Amino acid sequence: VDTEVNVTLDPDTAHPELTVSEDRKSVRWGDTQRKVPDNPKRFDTEPCVLGCEGFTSGRHYWEVEVGDGGCWAVGVARESVRWKEEISHNPEGGIWILSQCVGEYWTALPPGEKLRRFGVYLDYERGQLCFYNAENMAHIHTFNATFRERIFPFFRILAKGTRIKICT
């Protein structure tokens, strides 16, 4: 790992039902919808938030804790992702994610593996986004892509009670 980055969340992009912690290191689905100013980069239709840091080059690594269960998606999104409408959570839509909802992973984990903390490794020039189990560094999945614009850490919460914490 060349560059462990200090990822923080950008509250200006957070959906009104998401609550970003004061230190900008965790996000959860709040009990009530917050009153927030309209922002051209705020997710209005999807419970998502981006990291503050965008990348246009280099190799970057950060770790995320998801705890037990919950419904979540973590990865990266290109800067031109559609903020104000339903988005496609796939590479064609500019989003590369590892996700879990009701125990089902959209990107497969080894059978019976519980994922609590994992690493996200972005190699912009090689066009790779890799996920690792941070507890044993076992490889989970790699996306291969051609990144042509700024890429941001991406977080989506799909159920109340779910919390995502950035550990690095």
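K41 and E79 join their side chains in a salt bridge, 3.4 Å from N to O. K41 sits in the loop between β2 and β3 (48–50), and E79 in the loop between β5 (72–78) and β6 (95–101), so this pair ties together parts that are 38 residues apart in sequence. K41 is partly exposed, at a relative accessible area of 36%. E79 is partly exposed too, at 28% relative accessible area.

This is a predicted model. A search of the whole structure gives three salt bridges. The table lists them.

| Salt bridge | N to O distance |
|---|---|
| K41 and E79 | 3.4 Å |
| E46 and R156 | 2.9 Å |
| E63 and R117 | 2.8 Å |

E46 and R156 form a salt bridge. E46 lies in the loop between β2 and β3, while R156 lies in strand β11 (residues 151–157), so the pair links parts 110 residues apart in sequence. E46 is buried, with a relative accessible area of 5%. R156 is buried as well, at 12%.

E63 and R117 also meet in a salt bridge. E63 belongs to strand β4 (residues 59–65) and R117 to strand β8 (residues 117–123), so the pair ties together parts 54 residues apart in sequence. E63 is buried, at 13% relative accessible area. R117 counts as partly exposed, at 27%.

Now the strands. β1 (residues 18–20) pairs with β2 (residues 26–29) in the antiparallel sense, over three bridges. Five residues lie between the strands of this hairpin, where R24 has a positive phi near 60 degrees. β2 also runs antiparallel to β12 (residues 163–166), joined by three bridges. V27 of β2 stands opposite V20. V27 also stands opposite I164 in β12.

How values were computed
Residues are numbered from 1 along each chain as its sequence is written. This is a predicted model: local features need pLDDT of at least 70, side-chain atom pairs count only at pLDDT 80 or more; totals for chains, interfaces and linings use all residues. Side-chain values use heavy atoms; hydrogens and water are left out. Two strands pair if DSSP finds at least two bridges between them. Helices (H or I, at least four residues) and strands (E, at least two) are DSSP runs, numbered from the N terminus. A salt bridge is a side-chain nitrogen of Lys or Arg within 4 Å of a carboxyl oxygen of Asp or Glu. Buried means under 20% relative accessible area, exposed over 50%, partly exposed in between (1.4 Å probe, protein chains only).
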